[in-house]
Amino acid sequence: MVRAGLTADRVTLAGAELADEVGLDHVTMSAVARRLGVKDASLYAHVRSLEDLRGRIALLAADEKTIRIAEATAGRAGKDALVAYANAWRQYAHDHPGRYTATQIPIQIDPELAAKAAGPRRAVELTYSMLRGYALEEPDLTDAVRLMRSTLHGFTSLEAAGGFAHARPAEDTWVRCLDALHTLLERWPTRDEGDPA
């Protein structure tokens, strides 16, 4: 019997909220059921397994993060767009640490759900579109996307783990990192003959 008012979206949101509070690794079907005031078995009418729930959380988070970035970067270009993009990314990671984690680790996602989800696809489009403003072409464009993602994810992950205990404020370092990233993107190194293409 499906409990009235319980839907896959409600179960996913409850799981996402729990992930933000206790960490994605500590989300269990039992904990989500308790949060919703139902028996564990009731959840399985809406999500197939814990891995299915984690996949749904990842897709929800990808949608949310992409919307934030799209709103932040709308009408911006160059360094202005880069800074807006990076700040939206970092703020989402701060606001929703469990959901953010779900977007950064390998999770088996139902192919049918993934095909319908616009968030991940839109995130890629937004990133490539912004970095094309630096006049980069393939394969440099993909390398730049990977560098930017590594920089933003690395910084936000270390920050969340308390890795910046130095007296210098993390915010000051963040600003300088974005300055450096912008400079590198503007002066992207040319490839010598024989470099991998």
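A salt bridge here is a side-chain nitrogen of Lys or Arg within 4 Å of a carboxyl oxygen of Asp or Glu.

**Ground rules.** I am working with a predicted model, where local features need pLDDT of at least 70, side-chain atom pairs count only at pLDDT 80 or more, and totals for chains, interfaces and linings use all residues. Residues are numbered from 1 along each chain as its sequence is written, and side-chain values use heavy atoms, with hydrogens and water left out.

**Entry 1: salt bridges.** I searched the whole structure and got 16 salt bridges. I began with Glu17, which pairs with Arg35, their closest N and O atoms being 3.6 Å apart. For helices I use DSSP runs of H or I with at least four residues, and for strands runs of E with at least two, numbered from the N terminus.

I then looked up accessibility, with buried meaning under 20% relative accessible area, exposed over 50%, and partly exposed in between (1.4 Å probe, protein chains only). Glu17 comes out partly exposed at 31%, and Arg35 is also partly exposed, at 34%. I noted too that Glu17, Glu21 and Arg35 are linked in a network of salt bridges.

**Entry 2: Arg99 and Glu64.** Here the side chains meet in a salt bridge at 2.9 Å, N to O. Arg99 lies in helix H6 (residues 97-104) and Glu64 in helix H4 (residues 50-73), so the pair ties together parts that are 35 residues apart in sequence. Is Arg99 buried or exposed? Arg99 is buried, with 6% relative accessibility, while Glu64 is partly exposed at 22%.

**Entry 3: Arg76 and Asp80.** This pair forms a salt bridge with closest N and O atoms 3.0 Å apart. I found Arg76 partly exposed at 41% and Asp80 partly exposed at 42%.

**Entry 4: what the record says.** I checked UniProt, whose unreviewed entry lists "domain: HTH tetR-type" for residues 5-65. The entry also gives a "DNA-binding region" at residues 28-47. I keep in mind that UniProt positions are in the numbering used here, feature names are shortened, and annotations may be inferred rather than shown by experiment.

In the model, residues 5-65 are 70% helix and 0% strand, with end C-alpha atoms 27 Å apart. Residues 28-47 are 60% helix and 0% strand, and their end C-alpha atoms lie 12 Å apart.

Which residues of H8 are buried? They are Gly119, Leu126, Thr127, Tyr128, Met130 and Leu131. The cover over them includes H4, helix H5 (78-95), helix H9 (140-160) and helix H10 (170-186).

**Entry 5: Ala114.** I placed Ala114 in helix H7 (residues 111-116), where it is partly exposed at 33% relative accessible area. Leaving out residues up to four places away in sequence, Ala114 touches Leu59 and Ile109, contact meaning heavy atoms within 4.5 Å. I also looked up Val175, 61 residues from Ala114 along the chain, and their C-alpha atoms are separated by 34 Å.
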